[in-house]
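Trainee: Before I rely on any label in this model, I would like to see each one set against its definition. Could we go through it together?

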Amino acid sequence: MGTVISVEIAAGGSAALLDEVFAWFDEVDARFSTFKDDSEVCRLDRGALALADASPDLRHVLSRCADLWSETDGYFDAYVTGRLDPSGFVKGWSAQVASDRLLAAGATDHCVNAGGDLRVRGHAAGGRPWRVGIRHPWEALATCHTVAGTDLAVATSGVYERGHHVIDPRRGRPAKGLRSVTVVGPDLGTADAYATAALAMGRAGLQWLAGLAGYACVVVTDEGRKLSTRALAPTG
Amino acid sequence: MRRAALAVAGLAAGTSLLVVAKGGGGAAPDTVAAANAGPTPSGSPSAAAPPAPDAAAPSASGKPGTKQSAKPKPGKSSTKAAPPPAAPPKSNKVVGPRVQNPYGAVQVVLDLDGNRITAVRTLEMPDVEARSDQLSALVESQLGEEAVREQGADLDTVSGATETSEAYKESLRRAIERMKNGERD
């Protein structure tokens, strides 16, 4: 997946549980990596693997990607590069699965961070709800918003410099208008895909995000305006 | 019993690998080890994503960009009149070159403490454009709007997109070279 993953267990875990979680991420990488020629994703993409023979995880991911493609009006597109690349969903989804497994194993208080996409549950080590900062688009070491909670998925897609862009899959050119889109809700795979899609929509993404049920957002525009769901009151 | 554990692992070829383990109870110091996961495999069209140069940047715990305050520590009362003066100020930053790409210029600044980099800032600023369209009634009813500003204290973690720009890395690489050559701005 080409990303850095961190897992913090504030209460209820064990070293063995952490090993299990990282074994899961290794499995995800082996199966879904677009860098590895022998991954299931690459084999399926070049026709060396039939869909019927794919693992249940891969079939689940492809099915969710298809649903998200329709839900986002085609703006979340696992084929935007011309090849199958479900990474925009897999990163969040695999962290969500890891968090679900941690909870089921008794680690009630934890934070899973997959390349800046987060799933937090319970409380941080200090005993209060997790406080999650959202990166400031123009100040790499600063944050521009805070969300706090005991059961949150937080996914951010951003274009922090003009050299880094996302492609609008419907026009085939870089999207403009929004610098950073954060989506907050119950499921991290969905939040990740929604954030990517809204960024690709450009300014129209604001309208789309405002109409989403069950997911809140924090958006920074190219002009340096911040728009955030009123229900997500900043906490300082 | 409260137990804290933190581990970080890099996935995929070419990604730098970080392992962090935090001891329980906050008594043991953090240990950090970093290693490179190896060469990028050839034949991959997306192999142009080498490890992010700022793996330490928006990391977990702690307020990003916090400067240490110069507040004197309350100590035992003594006859000393004043704490010793701080070391004489030296120039403590290096500015990287502006690196052009098809979308504009990128430029970074290193903040230094001696030869240690304490922060990497991006100088490139957004174009200020007039707002071209009005927000819809739906957006206005659901979303509050304000100017973006630095905000947030006492955070446990940070959400953000991974930095991947080649121009960013190029400006950063050259700023570090200048720093190693003893240059200061």
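Mentor: What follows takes some labels in turn, beginning with the conventions. The model is predicted, so local features need pLDDT of at least 70 and side-chain atom pairs count only at pLDDT 80 or more, while totals for chains, interfaces and linings use all residues. Residues are numbered from 1 along each chain as its sequence is written, and chains are lettered from A and ligands numbered from 1 in the order in which they are written.

Trainee: How do you know that the length of helix H1 of chain A agrees with its number of residues?

Mentor: A helix is a DSSP run of H or I with at least four residues, and its expected span is 1.5 Å times one less than its number of residues. For the 18 residues of H1 (residues 15-32) of chain A this gives 26 Å, and the end C-alpha atoms are 26 Å apart, which agrees.

Trainee: Why are the buried residues of H1(A) said to line one face?

Mentor: A residue is buried if 20 or more other C-beta atoms lie within 10 Å of its own, exposed if 12 or fewer, and partly exposed in between, with C-beta atoms placed from the backbone. The buried residues of H1(A) are Leu18(A), Val21(A), Phe25(A), Val28(A), Asp29(A) and Phe32(A). Seen down the axis, they fall within an arc of 100 degrees (taken from the directions from the helix axis to the C-beta atoms), so they line one face of the helix. On the face turned away from the buried side are exposed residues, including Ala15(A), Asp19(A) and Asp26(A).

Trainee: By the same cut-off, how much of chain B is buried?

Mentor: Buried residues make up 23% of the 185 residues in chain B, a chain with two helices and ten strands.
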